[in-house]
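This report concerns a single protein chain. Please consult the sequence and the model displayed here while reading.

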Amino acid sequence: MKKATSDQTRDDPRIARTRQAVFETALRLASTRGFSATTINEISEQSGVSKSTIYRHWDDVEEVFLDALSNYSRSYPVPDTGNLRDDLIVYMIDYARSLTDTLNGGLYAHLASAAVSDERFAAIQRDTATANRETGRPIYERALQRGELPPDTDLDALHELVSAPVPFRFLVSRRPLNAQWVTKHVDHVLTLVGYAPTT
């Protein structure tokens, strides 16, 4: 269980710097080798934070990762080009490119693996997916208001239809995630759902 940290302690700049150093090092190591292959010793050596200090805040390496992942975020700017097609192309190209980044893509892959057998990691994966869905939701809501989508469109289902093939292509089929593919994919999905551009 993660050790309790008071708000006052969290606000201490020295502790904040220590936590950040541990988080950055732990996630960098995990992005290339996975969570189970990374140790407290390695995190301590590469972060410059003593093992005793790390154990003062976390019981074990799994708690370090769970805390680090909970505080890690990769934001995707939400475009507003005036039409759904262009918004989705811009948004999904940014998402696809993020997976080709060594840190973000590695963490995505290893989190997916860890979530299969550990409910704690699965909860973080679900929270991340929910946050990403809510971040992109204004794109679909604006399109609905403009009349570009049928009024009975299930926006959550549409989001999954648009976004799910990206991690599938990254993790399973191992095919390129480039702007050409993203554009073709978005156009195909919009054709299926009855997209009607207003401009």
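## Overall architecture

The model is predicted. Its chain contains 11 helices and 0 strands, giving the pattern α-α-α-α-α-α-α-α-α-α-α when read along the sequence. The C-alpha trace spans about 60 × 40 × 25 Å along its principal axes.

Of the 199 residues in the chain, 41% count as buried. Among contacts between residues at least 6 apart in sequence, 65% join residues at least 24 apart.

## Surface and charge

The accessible surface of the chain comes to about 10900 Å². Carbon and sulfur atoms account for 51% of this surface.

The chain carries 23 positive and 27 negative side chains. The centres of these two sets lie 5 Å apart.

## Helix α9

Helix α9 covers residues 155–163, and its buried residues are Leu 155, Leu 158, His 159, Val 162 and Ser 163. They lie on the same side of α9 because they cover an arc of only 120° around the axis. In general, an α-helix has 3.6 residues a turn, so residues three or four places apart point the same way.

At the N-terminal end, α9 is capped by Asp 154. A side-chain oxygen of Asp 154 lies 3.1 Å from the backbone nitrogen of Asp 156.

## Arg 85 in helix α6

Arg 85 belongs to helix α6, which comprises residues 84–100. Its relative accessibility is 28%, and Arg 85 therefore counts as partly exposed.

Not counting residues up to four places away in sequence, Arg 85 touches Thr 183, Val 186, Asp 187, Leu 190 and Tyr 195. The C-alpha atoms of Arg 85 and Tyr 140 are 10 Å apart in space, while the two residues are 55 residues apart in sequence.

## Ser 31 in helix α2

Ser 31 is located in helix α2, which comprises residues 13–33. Ser 31 has a relative accessible area of 8% and is therefore buried.

Which residues contact Ser 31, leaving aside its neighbours within four places in sequence? They are Thr 102, Leu 103, Gly 106, Leu 107 and His 110.

Terms used: Residues are numbered from 1 along each chain as its sequence is written. This is a predicted model: local features need pLDDT of at least 70, side-chain atom pairs count only at pLDDT 80 or more; totals for chains, interfaces and linings use all residues. Side-chain values use heavy atoms; hydrogens and water are left out. Helices (H or I, at least four residues) and strands (E, at least two) are DSSP runs, numbered from the N terminus. Buried means under 20% relative accessible area, exposed over 50%, partly exposed in between (1.4 Å probe, protein chains only). Contact means heavy atoms within 4.5 Å. Accessible areas come from the Shrake-Rupley method with a 1.4 Å probe; for residues, only the protein chains shown count as cover. Lys and Arg count as positive and Asp and Glu as negative; His and the chain ends are not counted. The place of a charge is taken as NZ of Lys, CZ of Arg, CG of Asp or CD of Glu. The arc is that of the directions from the helix axis to the C-beta atoms. A polar contact is a pair of N or O atoms within 3.5 Å; within protein, one must be able to donate a hydrogen and the other to accept it, and residues adjacent in sequence count only if both atoms are side-chain atoms.
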